[in-house]
Amino acid sequence: MPTYGHHIAGKPVEPSSRDYLLTEDPFTGRPWARIARGTRDDVDAAVDAASRAFREGPWATMTPSERGRLLWSFGDAVAANAGRLAEIEGRDNGKLASEVNAQVRYVGDYFKYYAGLADKIHSVVIPTDKKGVFAYTKYEPKGVIAIITPWNSPLTLTSWKLAPALAAGCTAVVKPSEFTSASMVEFARIATDAGLPSGVLNVVTGLGPEVGEPLVMHPQVAHVGFTGGDAAGRRIYELAARGLKTVTLELGGKSPNIVFDDADLGQAVKGVVSGIFAASGQSCQAGSRLLLQQSIHDRFIDMLLDFMRDVKLGDPALPDTQIGPIATRPQFEKIRDYIEIGKREGAKCVLGGRDRADLGAGLFIEPTIFTGVRNDMRIAQEEIFGPVLAVIPFTDEHDAIRIGNDIRFGLAAAVWTRDLRRAMLVTDKLKAGTIWVNNYRATSFTSPFGGFKESGIGRESGVDAVKEYLETKCVWISTDLDVPNPFIRR
Ligand code: NAD
């Protein structure tokens, strides 16, 4: 069985505990690899390596252009190894081969985008209101960045933080999810082979309380970038606050996908399906609340059911599979519980609602649609993170906006309409970090992504993401030969 240690200071490192965790293939249900069970000592070693790489050695003295060239080479190396990385990642989280392949290839592009930005972090000269001084800003890397990621898209969600952090000149320690660590260890090895200096990217695997918490609290860590669930996100925010560290948090959502009666319904059906059933709904941006205008409700549901009739569940590695397994057993149990909650709350299950013990290791849940959902039900308010769609009717634009915003999350939303005025009104009023009009799921390294309200703090991707990893320094230079005497009033 393959065994993955940590990756510290450019080398594979055994866990100080000598202890390993098994990592399972959710399709077969069988362990396929062992990953190091990290400890506080391993975290200390990794942060020490990252801190040294930040302060001294080639990374610290490189010009931004040299750093950019290295990141570009790393992007090439990721693309060259995309097939192998995707195979490992798909094995760990059960994502469809087609999807995980595309995701990992895109990770290479991510590094190239930020490679290009590394030498375009411009300072500004400040036109001040003071005489005899000249002021300008400098943007300096914050230092060691802790990156903590979940199991749904490990390499993608790490790169959203790592690529801008490295472009800014920071170094990093990554703690991947204990369910999906192998691809990250392999990724760090590729980074070292591509010439990233020792200590710039370190990986410590293991459990949240054993590795994640000491990492967040380590005095040498300057900033924490986290994607994952609510509970862990709040805990990390509290721990980071003790050290007055900055954070970026991406905590998921319950996004409204709003279909008006004037929309191209055939296109909207495809957008609704990809919004909720891609990755078996295990996606922070999933369009898990379908808001349907009452006048088209029944017709749209018929079209949706028709579209979903022959969907094929099965082995995620096979090219004709359309829906794969749920990534982990706890997640599978959680989704099953929510389906029962939906039934008890009085919603009508019009599609799916059952698990498929006959497939693979049994971690399959049929795509599930509930109609007759009220927005105050738990299946409308809580993030299920699975293939479960809650359909809620609305009367007009104002009703749609009211229901869309009546939620503690604010990660994403979509509007389906042919009316430009309506599209602009609704996008203006919805409280969400990303809003799609007549499409769902488009994201890019060029565009900021993050949440309003309890969906998180800060933005990832796009030019501005680099700023999350930079400190601003303002330098004042006297242009007067004479320093004013502080005891003489001017
Ligand atoms: P999680 O939030 O528990 O874990 C995410 C990461 O945080 C993992 O690496 C984990 O080890 C780490 N972690 C957990 N507790 C920690 C702590 N106290 N200190 C430091 N690090 C800690 O997520 P999960 O168990 O992978 O899934 C739980 C729920 O999170 C899911 O049911 C889903 O609703 C949600 N989720 C959201 C996203 C997203 O993209 N927003 C992704 C995956 C899961």
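Q: What covers the buried residues of helix 10?
A: In this predicted model, the cover includes strand 13 (256-259), strand 14 (289-293) and helix 11 (297-308). Strand 16 (368-371), strand 17 (388-394) and strand 19 (412-416) also belong to it.

Q: Which residues of helix 10 are the buried ones?
A: They are Leu265, Ala268, Val269, Gly271, Val272, Val273, Gly275, Ile276 and Phe277.

Q: And how many residues does helix 10 have, and what does it reach from end to end?
A: Helix 10 spans residues 265-277, which makes 13 residues. From its first C-alpha to its last it reaches 18 Å, close to the 18 Å expected at 1.5 Å a residue.

Q: Switching to domains: what does the domain assignment give for the protein chain?
A: The assignment gives domain 1 (3-251 + 455-474) and domain 2 (256-437). Twenty residues of domain 1 and 29 residues of domain 2 take part in the contact.

Q: How far apart do the C-alpha centres of domain 1 and domain 2 lie?
A: Those centres are 31 Å apart.

Q: Pockets next. What volume does the largest pocket have?
A: Its volume is about 810 Å³.

Q: Which residues lie nearest the centre of the largest pocket, and how many line it?
A: The lining comprises 37 residues, and Pro150, Phe226, Gly228, Gly229 and Ala232 lie nearest the centre.

Q: From which domains does the lining of the largest pocket draw at least three residues?
A: Domain 1 (3-251 + 455-474) and domain 2 (256-437) each supply at least three residues of that lining.

Q: How does the lining of the largest pocket divide by class?
A: There are 16 nonpolar, eleven polar and ten charged residues in the lining of the largest pocket.

Q: One more residue, Ile401. Where is it found?
A: Ile401 is in helix 14 (residues 397-405).

Q: Why does Ile401 count as buried?
A: Ile401 counts as buried because its relative accessibility is 10%, and the class takes in values under 20%.

Q: Which residues does Ile401 touch, not counting residues up to four places away in sequence?
A: With those set aside, Ile401 touches Leu425, Val426, Lys429 and Leu430.

Q: What separates the C-alpha atoms of Ile401 and Lys429?
A: The C-alpha atoms of Ile401 and Lys429 are separated by 6.7 Å, although the two residues are 28 residues apart along the chain.

Note on methods:
Residues are numbered from 1 along each chain as its sequence is written. This is a predicted model: local features need pLDDT of at least 70, side-chain atom pairs count only at pLDDT 80 or more; totals for chains, interfaces and linings use all residues. Side-chain values use heavy atoms; hydrogens and water are left out. On a 1 Å grid over the protein atoms alone, a cavity is a set of points where a 1.4 Å probe fits but cannot get out, and a pocket is an open set with protein on both sides within 12 Å along at least five of seven lines; lining residues have an atom within 4 Å of a point. Grid points are joined across faces, edges and corners, and a volume is the space filled by probe spheres set on the points. Ala, Val, Leu, Ile, Met, Phe, Trp, Tyr, Cys and Pro count as nonpolar, Asp, Glu, Lys and Arg as charged, and the others, Gly among them, as polar. Domain bounds come from an automatic or database domain assignment. Helices (H or I, at least four residues) and strands (E, at least two) are DSSP runs, numbered from the N terminus. The expected span of a helix is 1.5 Å times one less than its number of residues. Buried means under 20% relative accessible area, exposed over 50%, partly exposed in between (1.4 Å probe, protein chains only). Contact means heavy atoms within 4.5 Å.
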